[in-house]
Amino acid sequence: MRPSRLAMRPYTCLQCLTRTRPVFRRPTTATTTQTPRIASLHNSSRFLQQQQQSSDSPALVSRPSIAPKPVVDIKHIRQNPDLYAQNCIERNYHQQATYPQRINDLHAQWQAKQREARSLRERSNILRRQLTDPGSIRDENADTIAAGTKFLTRDELIAEARKLKSLLSTIEAEETRILSEIESLALAIPNLTSEDSPRGPEPKLLSLINEHPEPVPSASDRVWRSHVHIGNELGLLDFASAGTTSGWGWYFLLDEAAQLEQALIAYALDLAVRSGWRQVSPPSMVYSHIASACGFQPRDQNGETQIYTLAQSVDDAARGKPELSMAGTSEIPLAGMHASKSLLCPGDISEFSPLKYVAVSRCYRAEAGSRGLETKGLYRVHEFTKVELFGWTYPSLDSATDVFNEIVDLQTDLLSSLGLHCRVLEMPTHDLGASATRKIDIEAFFPSRRERNEGWGEVTSASICTDYQARRLATRVKGEDGKMIEGGYPFTVNGTAMAVPRVLAALLENGWDEETGTVVIPEVLRGWMGGKERIGPKPPTKKGLGVGV
């Protein structure tokens with residue numbers, strides 16, 4: 001059987017058939033200076049650019065080519081809009097509560113565009129066949145009759161094809177815009193909340209650590225001092241000089257305070273490593289898109305700056321060079337270690353060992369707004385040292401909870417051995433960050449804060465983030481056969497082992513002895529303090545070079 005003439009001809013796409021030769025123009029003698037275009041960076045605090053979109057949607061921004069491609073479960077959001085909306089309301093994310101319905105509306109628009117584009121492509125195919133081999137189109141061809149192209153000349157067919165090409169290009173651009181907005185909305189929705197988290201603003205008391213140093217304040221004659229007073233009295237803290245060098249929110253630790261900082265770090269690391277956590281020394285600067293994927297945004301819901309970003313030159317921004325931020329916690333670089341990677345799961349799930357990391361790093365927080373202004377001393381500062389615990393677990397809540405409980409137990413052991421009176425709280429929905437499904441805080445008693453929150457102040461925190469961070473970092477779990485396992489995305493867990501400034505402040509205040517004017521050093525730290533048991537006043541300074549006033 002002889003093949004048709006259409007089958008014998010090489011395939012030529014419609015775009016090639018309608019393509020015209022480029023027109024070459026003689027360059028003009030005048031030179032034109034082009035203004036470099038500022039690249040729109042992913043979640044950049046400087047170059048975040050608003051696109052044409054509804055006012056109730058987050059800004060659409062381009063993602064650097066090196067950034068992990070997030071894989072948010074948009075289908076689950078579309079199928080459960082009320083669940084996600086209620087979850088946002090319970091977390092006090094009122095603007096985001098409108099996003100699930102907006103996603104469904106946009107999805108309906110996208111489907112309509114898909115149908116419109118499909119119709120145009122079918123018509124384009126008919127035109128292509130007519131242009132390629134007019135003789136192959138018979139009179140009874142219903143498609144040709146329906147398309148209204150049967151009696152068109154070749155020039156008219158080419159003109160119609162170009163028109164369709166332009167329409168398709170417009171529709172495809174609109175489809176891309178809609179999908180980008182859907183993804184942007186989905187990324188802004190917080191994680192679903194655990195059933196263990198109390199709804200509303202009030203936490204749930206789980207347990208207490210150590211005895212309260214002043215159970216009945218009215219019957220006590222103990223003299224309390226703030227760590228700021230103690231630090232100045234013993235020459236341990238210098239906020240004035242730090243104000244000159246760096247501004248409000250920075251500090252100098254001197255003598256035993258600097259030694260105590262290193263002792264707390266060494267003690268926390270020693271306990272974590274002996275408990276099976278792998279020690280890591282992470283970078284302090286991270287790409288802003290990695291911080292965003294972990295749930296840390298340049299600005300909070302009130303528009304206040306949260307993290308420091310490094311200024312870019314116009315040339316770097318125009319080239320699309322990714323923006324860098326100062327890490328607010330080593331949770332960010334530790335999570336980024338496995339971005340766009342796959343973790344291997346053995347055939348036997350019981351043999352899957354969670355990846356557990358412990359890291360000490362300097363942390364940088366902008367602390368803008370009233371939160372920073374309402375606190376003095378070491379409690380809320382812009383730069384501090386923290387020992388962080390971070391774990392990747394099998395994608396199941398049971399596996400994540402096991403590591404989560406291990407973190408809380410380690411935190412409890414650390415604070416208990418330091419002699420601090422603390423309370424362990426199951427945090428409510430109003431205090432959950434975007435990534436956490438559940439969070440437990442441990443608050444220590446600060447005598448100087450008795451007029452604020454009855455003296456309690458947060459010193460550690462632990463969170464389960466399920467697959468929220470893994471999906472945004474494109475971190476997967478694959479079996480030995482190279483295929484993704486059920487669940488696909490590992491769960492992440494994080495917690496503070498030691499937030500040095502706050503614990504140091506609590507030790508100064510709770511260890512203060514008014515009668516001797518000294519601070520008692522916890523026994524577990526004395527090995528890193530040269531065997532010293534107390535921090536006391538400095539001996540008189542000898543004559544010679546000293547510090548001016």
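**Close-up views of a predicted model**

**View 1. Arg471 reaches across to Val71.** The side chain of Arg471 comes to 2.7 Å from the backbone oxygen of Val71. This is a predicted model, so keep that in mind for every view here. Arg471 belongs to helix H16, which covers residues 468–473. Is Arg471 buried or exposed? Its relative accessibility is 14%, and because the cut-off for buried is under 20%, Arg471 counts as buried. Setting aside neighbours within four places in sequence, the residues in contact with Arg471 are Lys69, Pro70, Val71, Val72, Asp73 and Tyr489.

**View 2. Helices H10 and H17 pack against each other.** Here we have H10 (residues 256–274) and H17 (residues 500–510), packed at an angle of about 115 degrees. Their axes lie 10 Å apart, and the crossing is right-handed. Which residues meet in this pairing? From H10 come Ala257, Leu260, Glu261, Leu264 and Ile265, while H17 brings Val500, Val503, Leu504 and Leu507. Sorted by type, the residues of this contact come out as eight nonpolar, one charged and no polar.

View 3. Strand S12 runs over residues 456–464 and is mostly covered, with eight of its nine residues buried. How many bridges join S11 to S12? There are eight, and S11 (residues 438–445) runs antiparallel to S12. To find your place in that pairing, look for Glu443, which stands opposite Glu458 in S12. S12 also pairs with S14 (residues 491–499), again antiparallel, through three bridges. In this pairing, Ile464 sits opposite Val493 of S14.

**View 4. S15, S16 and S17 make an open sheet.** Three strands are lined up here in the order S15-S16-S17, with antiparallel pairing. Which strands stand at the edges? They are S15 (512–513) and S17 (534–535); each has a single partner strand, so one side of each is left without a neighbour in the sheet. Zooming in on S15 and S16 (residues 518–520), you'll find two bridges joining the antiparallel pair. Trp512 makes a handy landmark: its bridge partner in S16 is Val519.

Definitions and conventions. Residues numbered from 1 in each chain as written. Predicted model: local features only at pLDDT ≥ 70, side-chain atom pairs only at ≥ 80, totals over all residues. Heavy atoms only, no water. Axes fitted to C-alpha atoms, helices over the stretch in contact; angles between N-to-C directions. Helix = DSSP H or I, 4+ residues; strand = E, 2+ residues; numbered from the N terminus. Left-handed = near helix turned anticlockwise from the far one by under 90°. Contact = heavy atoms within 4.5 Å. Nonpolar A, V, L, I, M, F, W, Y, C, P; charged D, E, K, R; others polar. Buried < 20%, exposed > 50% of the residue type's maximum accessible area, 1.4 Å probe, protein only. Polar contact = N/O pair within 3.5 Å; in protein donor to acceptor, adjacent residues only side chain to side chain. Pairing = 2+ DSSP bridges.
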